[in-house]
Amino acid sequence: MTYRGTTKVNERGFIEIGGVSTETLKEAYGTPLFVYDVKDIRDRANEFHDAFKNQSVSYQIAYASKAFSCIAMIELANELELSLDVCSGGELYTALEAGFPVERIHFHGNNKTPDELEMAVTHKIGCIVVDNFTELSWLMALTESSKQQMDVLIRITPGVEAHTHEYISTGQEDSKFGFDLNSAQADKAIDMITSHEFLTLQGVHSHIGSQIFRAEGFEEAVKEIYASIEGWVNKFDYYPNVLNVGGGFGIRYTENDEPLPLSTYIDKMVEAAKKESNRLNKPLPEFWIEPGRALVGEAGTTLYTLGTRKEIPDVRTYVSVDGGMTDNIRPALYQAEYSATLANRAHAEPEEVVSIAGKCCESGDMLIWDINLPKIEQGDILAVFSTGAYGYSMANNYNRILRPAVVFVEDGEHECVIEREQFEDLTRRENRYSKIMLPEKA
Ligand SMILES: Cc1ncc(COP(=O)(O)O)c(C=O)c1O
Ligand SMILES: N[C@@H](CCCC[NH3+])C(=O)O
């Protein structure tokens with residue numbers, strides 16, 4: 001197996017990440033445990049920066065914090081000179097708590113509530129990516145009553161089908177996100193915003209989907225957006241300052257995934273945009289992207305302890321871990337596939353094919369089907385790779401299972417950035433119901 005980033009096998013046969021052995025991590029924090037290789041996140045951010053610098057364009061890389069948000073991660077994003085995409089009051093709150101510079105925060109979402117919009121306006125964040133007419137009318141009223149200026153982008157659906165799971169594909173016409181191009185909704189929105197006293201239309205946004213391995217979809221989206229821009233130039237004399245093409249850059253979950261170098265996506269998109277701008281005899285707008293998975297996905301590894309075993313002769317052997325769809329719902333939701341290794345005997349030869357089950361009361365709670373592993377013993381540590389995006393952030397308490405701890409590792413050191421949930425956390429916000437009348441004890 002080829003390991004990612006700083007992950008390697010140490011002299012005792014244990015997987016180590018960031019110079020810290022998984023043996024140490026299990027002892028210090030228990031399992032399940034999310035481990036982030038911080039250097040890998042730094043390297044990925046720098047790869048994006050370098051790609052843009054090579055193209056000599058003005059740009060912003062907004063980390064899509066939905067992929068994994070917590071104070072430490074947001075602080076790291078700030079240190080790495082990223083901007084930040086938030087898409088709920090909770091993500092915005094976390095960014096504010098982390099002290100992220102408000103002017104680099106961009107607010108997304110197909111149903112931002114009036115309260116969330118007010119929060120964004122009050123904190124004077126960088127921009128709001130307006131998604132629909134309802135939101136636009138709320139935002140207009142809000143900025144009028146507070147007499148506050150707000151920069152906006154409009155999100156459009158370019159009608160491009162990304163080749164990915166349909167649940168994570170968003171650029172197609174039939175989508176809940178953004179203004180439709182074909183029915184001239186985007187034109188109407190532009191007209192409304194550009195003629196509004198307190199809103200400034202900085203540009204246009206599109207996001208075609210997630211876990212995309214081909215640059216063509218992005219190039220196609222750029223062309224579609226420019227076809228619309230041409231119309232806006234002619235109709236309203238409007239040309240955007242900002243072109244935001246969203247995120248969605250694919251990563252390696254298993255050996256079957258072959259992601260493109262990040263620079264390939266950037267080069268292709270920027271070149272397509274340069275060509276289109278030249279065609280219209282206009283300057284290239286500032287180029288924005290919003291990667292989530294590509295920044296943090298492969299940096300994350302989940303450590304589990306292997307527990308029970310069920311052998312069904314001539315059918316399958318199930319081995320269960322102490323987590324499952326509560327810390328990684330992606331296999332159940334998108335049939336996502338992962339690779340894994342026995343972290344405490346990483347050099348041992350594969351000997352048996354087993355399927356890794358979670359501990360929830362759901363047959364669909366499977367993490368990996370039919371994986372070849374060394375002979376498993378109870379108590380072995382299983383390391384599941386590339387769990388850094390949409391793992392912890394989609395974690396839940398089904399079956400009242402506790403959310404794992406999250407640890408950052410770097411240069412041989414480890415720090416807990418999210419504590420493991422405790423049983424008390426489960427009932428902390430609960431009240432007894434006052435109308436309960438317990439039967440008298442005999
Ligand atoms: C608007 C928007 N931007 C950025 C992202 C980040 O996507 P990814 O994590 O695939 O880069 C998403 C999620 O798909 C999104 O909906
Ligand atoms: N949560 C999804 C991606 C959706 C991204 C947000 N639009 C995943 O795990 O792949």
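## Cys361

Cys361 sits in the loop between strand E17 (352-357) and strand E18 (366-373). Helices (H or I, at least four residues) and strands (E, at least two) are DSSP runs, numbered from the N terminus. UniProt lists Cys361 under "active site", in an unreviewed entry. Such positions follow the numbering used here, feature names are shortened, and annotations may be inferred rather than shown by experiment.

Is Cys361 buried or exposed? Cys361 is exposed, because 8 other C-beta atoms lie within 10 Å. The cut-offs are these: 20 or more other C-beta atoms within 10 Å of a residue's own make it buried, 12 or fewer make it exposed, and anything in between is partly exposed, with C-beta atoms placed from the backbone.

## Model and confidence

This is a predicted model, in which local features need pLDDT of at least 70, side-chain atom pairs count only at pLDDT 80 or more, and totals for chains, interfaces and linings use all residues. Residues are numbered from 1 along each chain as its sequence is written, while chains are lettered from A and ligands numbered from 1 in the order in which they are written.

The mean pLDDT of the chain is 95, and 97% of its residues reach 70 or more. pLDDT is the predictor's confidence in each residue, from 0 to 100. Helix H3 (residues 71-79) has the highest confidence, at 99. Strand E10 (residues 179-180) has the lowest, at a mean of 90. The model scores ipTM 0.98 and pTM 0.96.

The unreviewed UniProt entry places "modified residue: N6-(pyridoxal phosphate)lysine" at Lys66. Lys66 lies in the loop between strand E5 (59-64) and H3. Lys66 is buried because 21 other C-beta atoms fall within 10 Å. Beyond neighbours within four places in sequence, Lys66 is in contact with Cys87, Glu91, Gly292 and Ser393. Contact means C-beta atoms, placed from the backbone, within 7 Å.

For "binding site", UniProt (unreviewed entry) lists Gly248, Glu290, Pro291, Gly292, Arg293 and Tyr390. Gly248 is in the loop between strand E12 (242-244) and H9. Gly248 counts as buried because it has 29 C-beta neighbours inside 10 Å. Glu290 is in the loop between strand E13 (286-289) and helix H10 (293-296). Glu290 is buried, with 28 other C-beta atoms within 10 Å. Leaving aside neighbours within four places in sequence, its contacts include Ala62, Asp85, His207 and Asn244.

## Domains and core

The chain is divided into domain 1 (8-37 + 298-427) and domain 2 (108-291). These bounds come from an automatic or database domain assignment. The C-alpha centres of the two domains lie 36 Å apart. Their contact takes 8 residues from domain 1 and 8 residues from domain 2.

The largest nonpolar core has 117 residues. Such a core is a set of buried Ala, Val, Leu, Ile, Met, Phe, Trp, Tyr and Cys residues joined through C-beta atoms within 7 Å. Ile154 is one of the residues with the most contacts inside this core. Helix H9 (residues 262-279) gives the most to this core, with 7 residues. At least three residues come from each of domain 1 and domain 2.

## Asn132

Asn132 is found in the loop between strand E8 (127-130) and helix H6 (133-146). Asn132 is partly exposed, with 19 other C-beta atoms within 10 Å. Not counting residues up to four places away in sequence, Asn132 touches Asn110 and Phe179. Asn132 and Gln185 are 53 residues apart in sequence and 8.9 Å apart in space, C-alpha to C-alpha.

Technical notes:
Contact = placed C-beta atoms within 7 Å.
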